[in-house]
Amino acid sequence: MSWLVSFFLLIFRYMENSFEKIVSFAKRRGFIFQSSDIYGGLGGFYDFGPLGVELKKNIKDAWWETMVQNREDIVGLDSSIIMNPKIWKASGHTENFTDPLAECTGCHKRFRADHLEDKDKCPECGCKMMEPRNFNLMFRTFIGPVEDSASVAYLRPETAQGIFVNYKNILDTQRVKVPFGIAQIGKAFRNEITPGNFIFRMREFEQMEMEYFVKPGTEKKFFEEWVNERMRWYTEDLGIKKENLRVRRHEKDELAHYAKDCVDIEYKFPIGWSEIEGIASRGDFDLTQHQKNSGQDLNYYEEATKKKYIPYVIEPSCGVERTLLAVLCDAYMEIEGGRSTTTEAVKETEFLLKLNKRVSPIKVAVLPLVKNKENIVNKAREVYEMLKPYFNCQYDEVGAIGRRYRRHDEIGTPFAITIDFDTLEKGDVTLRDRDTMEQKRIKIEDLISILKKEIYEN
Ligand code: GAP
C-alpha cells in the first residue's frame, strides 16, 4: 500500500511544482503580482502587471466580440457594483450565499468545512473542530457617513443581479424580442473563507456573464446550445486544447439555490480539473423574485400570441482570471536544451508561451539587428511607429538578437521583425514566427496587411 501512497505523493508534488512554475513565471515576466506586495501582500487579492493587463483585456475583448458584437440578439450593460441592498434580499444572497465555516477549538484557525478531509479534526493542529456555521460571503460596507443598519450595503458577489434589475429598462428602451440576452463584464467580490491556488480563488475578481431570456418550454434547447457555444469559444477563439477541457453536470444536491440545471466547464489545471465557467438554467427565479419584491411588472408581452409571461433564463458565467489562468497553463512550455539552431543560441532551457495570437499581450516585437548603427536604429523606429497604431508592438534593442527572440517567445509575442543592413537597401525585413521559428523576408509596405491576416484571420 505504501508504494501507492508514495506514487500519489510524487504525482501530487509534480502537479504542485508545475503550478508553482506558472506562478513564478507570471510574476517574473510582469503578468501578475501579489496585491500590496511591498506591505507583505493581502490574501486573495492580486494585481495585473503590464503584460497581464493586456492579456486580460484581450480575453475580455474576445468574449465581448463573440457575445455582443457578433450577435444581433444580445446587448451589453455596465451596472454599478453597489446596488440597493433589497436586491440581495430578493435574489436570496442575503440568506443563502454562504459557505460552511468551521473553527478549530485549539488554534482557532478557520476553514471551509466542505473542503476538510476530516470534518472533526483540525488539519493544522489536530484539535477538535467546532460545529460549522453558515458564513455569508458578501462584503459589507456603509453608504454615507453613518454606520448603522439602515446604511448597510454590499459589494456585488456576482454581476448577474445588475442585469436582472435592468431587464425592464432594456425591454423599454431597446428593440429586443425573446429570445435575447444581456451581457456584462465587471468586478465581483466574495469574502472567501480560504482564497488560494493563486488567482483561482480570489476575494476580488472579474466575471463575464450573460443572461439569455427565453420562452418557458424552450430552455432545454437553449441550454444545450449555450454549452456547445461556450466550449467552442474556449477551443476556437482562445485556442485552449480540447483535451484539457470537459463539461461536468451538477448533481442535484450541488445546485445553487436559483438553479434548475447547471454544468461546469472545467479545465485540467495542474491542481486538477476545476471550474472556469458555470452554465445555469435559472428558470424564472430571479425575475419572479424581483417582480415580487420591487412591485414592478416584469412580464414580457409576446406580440404574436398576445400573451404575457416571465421569461426563463440561461446563464453562461465565467471568471476572467480563471480563464486567464487556463490560457496561461495551456500555453506555457519549457523546452530543455532549447529549440534554437541559430549560432548565438545557448543550449539552455527555453521558455515558450504558445498563446493564441489574438490574445497575446504584445503582437509584434520590432528589433534592430544592432543598436550601434544609427541608420538601422532609425529604420527600426520608423517601422515601429508605422505598426504601433495597428498592433500592440514593442521596440527592443537590448542584447543579442537570439536572446531578444527568446525573450519574446517567453512572453508569447507571435511575431518578431528584424531590421538589418539589407532592409536599408531593399526595403524588406525579416518576419519571424514564434511557433515555427520560420523567417521570411517581407516588404515593409506589406507588413500591416500580412500581420493583420496572420493575427486576426488565421
Ligand atoms: N452568476 C452566477 C455565478 O456567479 P459562480 O459559479 O458562483 O456563478 C461564476 O461564478 C464564475 O466566476 C466561476 O465559474 C468562476 O470562473 C468565477 N469565480 C467565482 N468565484 C470566484 C473566485 N472566488 N475567484 C475567482 N473567480 C471566481
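Guide: Gly399 counts as partly exposed, because its relative accessibility is 41%. That class runs between two limits: buried is under 20% relative accessible area and exposed is over 50%, with a 1.4 Å probe and protein chains only. The model is a predicted one, in which local features need pLDDT of at least 70 and side-chain atom pairs need 80 or more, while totals for chains, interfaces and linings use all residues. Numbering starts from 1 along each chain as its sequence is written, and side-chain values use heavy atoms, without hydrogens or water.

Gly399 sits in the loop between strand 20 and helix 11. Helices (DSSP H or I, at least four residues) and strands (E, at least two) are numbered from the N terminus. Now look across from this loop. Lys371 is 28 residues from Gly399 in sequence, yet the two C-alpha atoms are 9.0 Å apart in space.

Asp396 belongs to the loop between strand 20 (393–395) and helix 11 (401–411). Is Asp396 buried or exposed? Asp396 counts as buried, because its relative accessibility is 8%. Follow its side chain in two directions. One polar atom of the Asp396 side chain lies 3.2 Å from the backbone nitrogen of Val398. The side chain of Asp396 also makes a polar contact of 2.8 Å with the side chain of Arg407. A polar contact is a pair of N or O atoms within 3.5 Å; within protein, one must be able to donate a hydrogen and the other to accept it, and residues adjacent in sequence count only through side-chain atoms on both sides.

Step back to the whole protein. Its secondary structure comes to 13 helices and 23 strands. The C-alpha atoms fill a box of roughly 75 × 65 × 50 Å along the principal axes. Of its 458 residues, 50% count as buried.

Next, the ligand. There are 21 residues around it, and Glu158, Arg190, Met202, Glu209 and Glu275 come nearest. To be near, a residue must have a heavy atom within 4 Å. A polar side-chain atom of Glu209 is 2.5 Å from a nitrogen atom of the ligand. For Met202, a polar backbone atom lies 2.8 Å from a ligand nitrogen. For Arg282, an N or O atom of the side chain is 3.5 Å from a nitrogen atom of the ligand. On its own, the ligand has 560 Å² of accessible area (Shrake-Rupley, 1.4 Å probe). The protein covers 91% of it. Strand 10 (204–214), strand 13 (272–283) and strand 16 (312–319) each give two or more residues to the shell. Strand 13 gives the most, with five residues.

Finish with backbone geometry. Most residues other than glycine have a negative phi, and most peptide bonds are trans. The peptide bond from Val178 to Pro179 is cis, with omega near 5 degrees. Pro179 is in the loop between helix 6 (167–173) and strand 9 (180–189). His108 has a positive phi near 60 degrees. His108 lies between strand 4 (98–103) and strand 5 (110–112), in a loop. At 44% relative accessibility, His108 is partly exposed. Asn197 has a positive phi too, about 55 degrees. The loop between strand 9 and strand 10 holds Asn197. Asn197 is partly exposed, at 38%.
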